[in-house]
Structure formats: structure tokens, C-alpha cells
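Welcome, and please load the model in your viewer. We will go from stop to stop, with something to select at each one.

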Amino acid sequence: MTHTARRIGRSLALVLPVVLVLSGTLAVTRVPWSTSGPESQVLTASSEKVNVRAKSRAPQDILRDKLLLELQEKDPGVALTHLQREVERRPSLAQHCMSIARSLGRAAVNQYGPTRAQSFSRPVCDTSFASGVAQQTG
């Protein structure tokens, strides 16, 4: 008797999950979510790829955006100081320091004008801030 019960149990253990998954999948392939018109809206389970990942942003892009926001809220001097600290703290950002400083220089010209923007210039990242100011005014 126990041998037969084991065989039945093993068969159910293999077949039951498959049946449950298939029946659940079939049950949700067409579900009316709302009745906003004459035809109800239907969600098809396989209509779109769900596993598409969002693009992750590079650390230098995140830092650039943070510093540009800081430049707008405070002033370019504060943003340049924080850029220098971040490059010292994370040396891998050093290769992007010049482009970030140029972006800050261009943004400073847009916000403060060329003369005032130039007054914030300091020797961070090979004077790239001043280069960005010059590019934006020329």
C-alpha cells in the first residue's frame, strides 16, 4: 500500500506544479482591467518584454548632474570645490574632471554671464572651468 501511495505522490509532485502554472498562465492572458468603453481593455501577458533593464548611469554623469544643480542653487565656486574633493576621494573620476569642469564653466556663463562666471575660475582640472567659460562666450 505504501509503495502505491509513494508512486501516486511522486506523480502528483511532478504533474501538479505544471498544471498549476499552465492554468494560472492561461487565466491571466486575458483579464479585463477596466470597462471604459464598449470594449473592455485587455492585458495580454505576452504583449511586451518585461525584462528590459533601465540603463544605469555612469558615475561621472551622476556627478556632473549633481554639480550642475549645485551650481544653480549655490554658485560655481562651491561646485568646483566639490568637484575637486570628489576627484581626490575617487581617483577614477580624474579622467572625467576636465569635461565636467568645462560643463560647469558653460553653465556658469549661462547663469552669471561671462565676466562674473570667470571670477569663479580656479585651477581645478587644468583650468578647464575657464576653458568652458571661454567656449561659451566665443
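Predicted model: local features only at pLDDT ≥ 70, side-chain atom pairs only at ≥ 80, totals over all residues.

Residues are numbered from 1 along each chain as its sequence is written, and side-chain values use heavy atoms, leaving out hydrogens and water.

**Stop one: the disulfide.** Select Cys97 and Cys125, which are joined by a disulfide with an S to S distance of 1.3 Å (the term covers a pair of cysteine sulfur atoms within 2.5 Å). A search of the whole structure finds 1 disulfide. The pair links distant parts of the chain, 28 residues apart: Cys97 is in helix H4 (residues 97–112), while Cys125 is in the loop between helix H5 (114–119) and helix H6 (128–137). Helices here are DSSP runs of H or I with at least four residues, numbered from the N terminus.

Are these cysteines buried or exposed? Cys97 is buried at 4% relative accessibility, and Cys125 is buried at 16%. Buried means under 20% relative accessible area, exposed over 50%, and partly exposed in between, with a 1.4 Å probe and protein chains only.

**Stop two: Ser103.** Stay in helix H4 and pick Ser103, which is buried at 13% relative accessibility. Show Arg64 and Leu68 too: Ser103 contacts both, leaving aside its neighbours within four places in sequence (contact means heavy atoms within 4.5 Å).

**Stop three: helix H1.** Finish with Leu14, in helix H1 (residues 2–28), which is exposed at 65% relative accessibility.

Methods: Helix = DSSP H or I, 4+ residues; strand = E, 2+ residues; numbered from the N terminus.
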